[in-house]
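Colleague: I'd like to learn how to read the strands, helices and chain contacts in a model like this. Can you walk me through it?

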Amino acid sequence: MAMSRDEVFKKVESVLVDALGVDDDEVTEEATLTGDLGAESIDFLDIVFRLEKAFEIKIPRGELFPDDILNNPDFVENGRMTTAGLTQLKRSMPHANFSEFEKDPSVSRMPDLFTVKAIVDFVALKLNQSG
Amino acid sequence: MRWMWIDTFVAFEPGKRAMAVKNVSRSEDHLHDHFPGFPVMPASLMIEGMAQTAGVLVGEARRFREKVLLAKIRRARFDDYCTPGDRIRYEAFIEAIDEAAATTRGIVYKEDRPIGEVDLMFSHADNAATDLGLPGHNFVFTDQFMDLLTAFNVRTAD
Amino acid sequence: MKFELIDRIIELEPDTRIVATKSVSLAEEYLADHFPTFPILPGVLMLQAMVDAASWLTRVSTHFAHSLILLTEVRNVTYKSFVKPGQQMRLDVACRRLGEADGEFAGTGHCGPVEVVKGRFVLRHFNLADENPALASLDRRVIQAARARYGLLCNHHDEASADSAA
């Protein structure tokens with residue numbers, strides 16, 4: 001059953017409003033979860049749980065928000081992603097836009113990758129995969 | 001005064017569901033400030049009652065290996081309030097659980113009538129990547145809580 | 001156990017916002033159980049401190065018209081860090097809406113620069129006499145106690161305004 005990107009966006013918007021207590025006009029495509037919408041680490045888990053329920057999909061840990069990469073010494077050096085780390089990150093987050101992040105791949109800037117658009121694209125991809 | 005907001009468990013299905021009871025008594029100190037002249041069980045302490053019910057359910061599901069700490073009140077809603085003489089029941093269900101966290105939903109009853117809902121998230125402090133200076137041992141599951149489960153033959157950490 | 005979570009009111013703008021503090025002392029009884037080897041302010045009491053602050057904002061904004069102010073809804077309260085004995089938590093609560101029957105609030109708690117809690121909630125305000133006129137005397141008792149307590153909480157606040165007026 002195909003869902004248009006617009007429909008996916010509306011549902012993701014609803015999930016973020018419920019999980020973060022923000023108003024729906026704050027949920028724009030470019031808004032970052034942590035910076036603009038005030039999400040904490042526990043909120044990321046709440047968002048994954050709600051997305052699974054809203055879209056009837058399974059999101060294994062680390063698939064939407066790859067936290068395991070940060071803990072790997074091969075991928076992070078002196079607070080910055082290594083080339084190998086960046087490659088791994090891109091592979092596990094095909095839904096994210098890395099053009100800004102690549103200019104300065106500091107770990108502290110990683111939360112900026114988690115935009116509303118990245119989540120909508122992730123869900124759209126997932127829904128296409130399951131047919 | 002003890003920080004114990006459930007009196008006993010009346011149901012315990014490991015990994016799934018638990019129900020605990022709390023009797024509201026006029027002799028409880030905190031009711032005399034909330035409010036002087038008309039004691040009402042504070043909703044925040046009913047949220048704690050649910051957190052204790054759900055917290056033990058979650059802890060037992062992972063054999064009390066980790067510290068289970070309340071990380072988020074996703075949502076709580078109360079349609080009525082409780083006063084001395086009322087028997088409150090907290091029914092908690094595990095919705096999701098893994099090594100980092102657990103999500104629970106719950107119904108609060110006044111006698112047999114549902115009067116509220118409390119949905120919570122707990123983090124498993126030994127596994128969530130935090131540096132909050134927590135002591136090494138499991139300070140959360142004291143004897144007070146473990147004693148409540150003796151009637152249910154539940155498994156504890158090896 | 002005293003169930004008053006605010007120690008002092010620092011600022012109050014009727015209908016708008018309140019700033020208050022709660023200090024945590026090792027003498028508080030519940031700390032013996034929460035937890036025996038690691039005493040920290042329970043999360044629901046961090047919420048209750050925000051609720052108390054919002055209640056005072058409601059009482060002053062409505063001129064102590066109601067006796068009972070009850071927490072009826074909570075949304076997205078997240079806990080980021082602990083408050084330990086010896087620390088002081090500063091509550092900042094903003095009123096998003098204050099109506100005839102209830103009010104919506106958004107609050108945060110800080111220990112120094114560290115945010116320890118944030119969330120939103122709804123408080124319902126009413127009088128017992130609304131449903132049962134015979135209980136009006138109970139309402140008066142509760143309101144009288146609230147006025148007396150408020151006097152204690154903002155004592156220094158009034159002194160400060162008196163000083164600045166002088």
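Modeller: Let's begin with one strand pair: β2(B) and β4(B) pair in the antiparallel sense, over seven bridges. Strands pair if DSSP finds at least two bridges between them, and the elements are DSSP runs numbered from the N terminus, helices being H or I of at least four residues and strands E of at least two. This is a predicted model, where local features need pLDDT of at least 70 and side-chain atom pairs count only at pLDDT 80 or more, while totals for chains, interfaces and linings use all residues. Residues are numbered from 1 along each chain as its sequence is written, with chains lettered from A and ligands numbered from 1 in the order in which they are written.

Colleague: How many strands does the open sheet have, and in what order?

Modeller: There are 12 strands, with antiparallel pairing, in the order β1(B)-β2(B)-β4(B)-β5(B)-β6(B)-β3(B)-β3(C)-β6(C)-β5(C)-β4(C)-β2(C)-β1(C). The edges are β1 (8-13) of chain B and β1 (8-13) of chain C, each pairing on one side only. On average, neighbouring strands are turned by 25° against each other, direction ignored.

Colleague: And where do the two chains join up in the sheet?

Modeller: Look at β3(B) and strand β3 (residues 68-79) of chain C, which pair in the antiparallel sense over five bridges. In β3(C), B:Ile73 has C:Val77 as its bridge partner, and B:Lys72 has C:Thr78.

Colleague: How do I describe two packed helices?

Modeller: By the angle between their axes and the distance between the axes. Axes here are lines fitted to C-alpha atoms, for helices over the stretch in contact, with angles from 0 to 180 degrees between N-to-C directions. Helix α1 (residues 43-61) of chain B and helix α1 (residues 43-61) of chain C have axes that come within 9 Å and cross at roughly 165°. Therefore α1(B) and α1(C) are roughly antiparallel to each other (angles under 35 degrees count as roughly parallel, over 145 as roughly antiparallel, 65 to 115 as roughly perpendicular and the rest as oblique).

Colleague: Which residues of α1(B) and α1(C) meet?

Modeller: B:Ser44, B:Leu45, B:Ile47, B:Glu48 and B:Ala51 meet C:Val44, C:Leu47, C:Gln48 and C:Val51. Contact means that C-beta atoms, placed from the backbone, lie within 7 Å.

Colleague: How many residues of chain B are in contact with chain C overall?

Modeller: 36 residues of chain B are in contact with 38 residues of chain C. β3(B) gives the most to chain B's side, with nine residues. That side has 22 nonpolar, six polar and eight charged residues.

Colleague: How many residues does chain A bring to its contact with chain C?

Modeller: Five residues of chain A are in contact with five residues of chain C. Chain A's side has two nonpolar, one polar and two charged residues.

Technical notes:
Contact = placed C-beta atoms within 7 Å. Nonpolar A, V, L, I, M, F, W, Y, C, P; charged D, E, K, R; others polar.
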